[in-house]
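Student: I would like a close look at one part of this model, with the conventions spelled out as you go. Please take your time over it.

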Amino acid sequence: MSKSTQAKSHASAPVNARLSKEEKVELYRKMVRIRRFEERSLRAYQAKKIGGFLHLYIGQEAVAVGCCSLMGKNDHVITAYRDHGHAISVGMDTKGLMAEMYGKVTGCSKGKGGSMHFFAPSLNYWGGHGIVGGQIPLGTGLAYGLKFKGLKGAAMAFMGDGAVNQGAVHEAYNLAALWNLPCVFVIENNGYSMGTSQERSSAGELHQRAAGYDMAWEVINGHDLYEVRAKMDVVLTRAREESKPSVVEIDTYRYRGHSVADPDKTYRSKAEIEEYQRTKDPLNLFQSILREEGNLDDALVEKIDQEARAEADVAADFAEASPFPTVEDIQKDVYWESDNPSQRVSQGRLFFN
Amino acid sequence: MPVITYREAIRHALAEELTRDENVVVMGEEVGQFNGAYKVTEGLLEKFGPKRIVDTPISEAGFIGLGIGASMLGIRPVMELMFWSFYSVAFDQIVNNAANVRYMSGGLINCPIVIRGPANGGTNVGATHSHTTENVLAHHPGLKVVVPATPYDAKGLLKSAIRDNDPVMFLENTILYGDKGEVPEGDYVVPLGKADVKREGTDLTIVTYGRSVLHSLKAAETLATEHKINVEIVDLRSIRPLDFDAVLASVRKTHRVLIVEEQKPFCSVGAQLSDMIQLEAFDELDGPVHRLCTVDAPAIYSPPVEVEQLPNVNRVIKAALAAVK
């Protein structure tokens, strides 16, 4: 099957065929917004406005946009530290995200979480998490909560390829399969566990480990937004309707280092990166598809790009102008009880400095 | 008032809270069909069913993490660790996720989970199954930590813990499971962060918690009859939050302090208490703060020697005599 035919077949999948022109353009717009936000974040990081790590989502946009675009009101998302794409995909405001990375009190976590820890419970988004694989048992718990409450929903628990080697992931797989929890474990396989390639870090095929737990699995070309939506829709529907877990391996690629400051010349070549950019960039691929379908033209592409750049600049300006939290804010948001003193039941000291 | 065991007191707390709130779920290894490794959860499966009394595989990281994730959606899991010694397998989930998720989200997410189980030595199970974990847990802002010594306190504290909107670490003691005491039937709570003066005295304050309370009470009788030393015993009950006002009030009365705990000495709860006492009550003290801890080595297996490694009545008496000398 040729690539062109394959792409067309996913375009005709029901979940894609019913998309309106506006909805398709919006999917493309979201990917562009992620790209420009990340590029603007990189400049801020290089200008030392952002500290610590910066794990960019550049190259992986179709994964988060495709998966999150399928969310229903009882679906939930949790992911690892490469979380900017998911945050934007579920609808978080980019001003709050940039301010969070600048460490400003107007950030989505009041400057307390940073780049790896964006959360929006009101959007069913349960965070970026910094410990490899540590979020996967939590995602399994979200699925458990859905089943316990009798809600027809699914929990999408995202992880990188390196996390599949963590013991907690296998405990989560076992619990989900044993108890038939509506959890979709999504492996964003960008080929590198930090600086160690998959072939140097992982035995066998990542998705096939699902078979060890008698779980269904799927492999998706993560550069193709239509394929992501088409195949994820089947998996999510099974989770919602039958309360069955699955493992989904989505092949993708990141253009920058693990964190941007990490040197990636030691484990992959510049030519490899350029080849991916030239042939598999998810924004370019989807743009081409939408052009062929007559849904995009040069003018609209340019407009979307300018608007995305402007949005990223507005976010950076907002972050720059915002105040930092105070020293007194350090000990807020630690305990529910200390933040709700009128409802406090316990006594004694909670803090010791 | 009925006299029941510590084990039964915990079971009653669980049953009452399961009845009171449909979101409460008990999960852990052997809690259901097996009736609980220490029979704490005996009969709960029969009464509440498998949806709410859940046997888990031996996967502490997995099931503690699952409980934390479920609690973010409003479930109130009460997770049993068969031994708190197994917490190290779930360490990432407890100290990174449960303790931090509220903070990292800027207060957007709550984590109303209770993790309960025994944390003690003295049962000849060797070094890996004999940890007292309250100091490491209490070190993490975001977690609450309680250690009940009596059946009454066990029931009341556990009910408070289950109703709390913060993660609460509830540390029991296998040797106390069979101890009896008066426990009211029906609803009552012991608030977290409230100490209890278990014995009034004038000559020495013993600050303690958990099973060491019982050693201290017995020692106090001997100290009174044989040495004419009248000991006051402050049972902390809660490590974090901490009722330090009760400690201060007692120190101001007796002017001498001995801290007794079943922890290794280095960086124990007692080390924190010593620091606070000397900072806040230095002028009240007639002598240095003394501490009696577990002898500083991994838990020895040998049954007759293990008794001497831990606090016991004789060691408390000796330490108290040194503290008042």
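In what sense do strand S6 (residues 144-146) of chain B and strand S7 (residues 168-172) of chain B pair, and over how many bridges? Please go on from there to the sheet around them and to the rest of chain B.

Tutor: This is a predicted model, in which local features need pLDDT of at least 70 and side-chain atom pairs count only at pLDDT 80 or more, while totals for chains, interfaces and linings use all residues. Residues are numbered from 1 along each chain as its sequence is written, chains are lettered from A and ligands numbered from 1 in the order in which they are written, and side-chain values use heavy atoms, with hydrogens and water left out.

Strands S6 and S7 of chain B pair in the parallel sense, over three bridges, and within this pair Val145(B) stands opposite Met169(B) of S7(B). Two strands count as paired if DSSP finds at least two bridges between them; helices (H or I, at least four residues) and strands (E, at least two) are DSSP runs, numbered from the N terminus. Strands of a sheet pair through backbone hydrogen bonds, either parallel or antiparallel.

The two strands belong to an open sheet of chain B with seven strands, in the order S3-S2-S4-S5-S7-S6-S12, and the pairing across it is mixed. From one strand to the next the twist averages 20 degrees, where axes are lines fitted to C-alpha atoms (for helices over the stretch in contact) and angles run from 0 to 180 degrees between N-to-C directions.

Helix H1 (residues 6-20) of chain B lies across strand S2 (24-28), S3, strand S4 (76-80), strand S5 (114-118) and S7 of chain B, and runs at about 135 degrees to S2(B). Helix H3 (residues 60-72) of chain B lies across S2, S4 and S5 of chain B, at about 165 degrees to S4(B).

Chain B also holds an open sheet of five strands, ordered S9-S11-S10-S13-S14, again with mixed pairing. At its edges stand strand S9 (196-199) and strand S14 (290-292) of chain B, and because each has a single partner strand, one side of each is left without a neighbour in the sheet. Here the twist averages 25 degrees from one strand to the next. Within this sheet, strand S10 (residues 204-208) and strand S13 (residues 257-260) of chain B pair in the parallel sense over four bridges, with Thr208(B) opposite Val260(B) in S13(B). Helix H10 (residues 269-280) of chain B lies across S10, S13 and S14 of chain B and runs at about 160 degrees to S13(B).

As for the chain that carries both sheets, the secondary structure of chain B comes to 12 helices and 14 strands, and its C-alpha trace spans about 60 × 40 × 40 Å along its principal axes. A compact globule of 325 residues would have a radius of gyration near 20 Å, and the 19 Å of chain B agrees with this; the radius is taken over C-alpha atoms, and the globule rule is 2.2 Å times the number of residues to the power 0.38. Of the contacts in chain B with a separation of 6 or more, 81% are between residues 24 or more positions apart.

Note on methods
Contact = heavy atoms within 4.5 Å.
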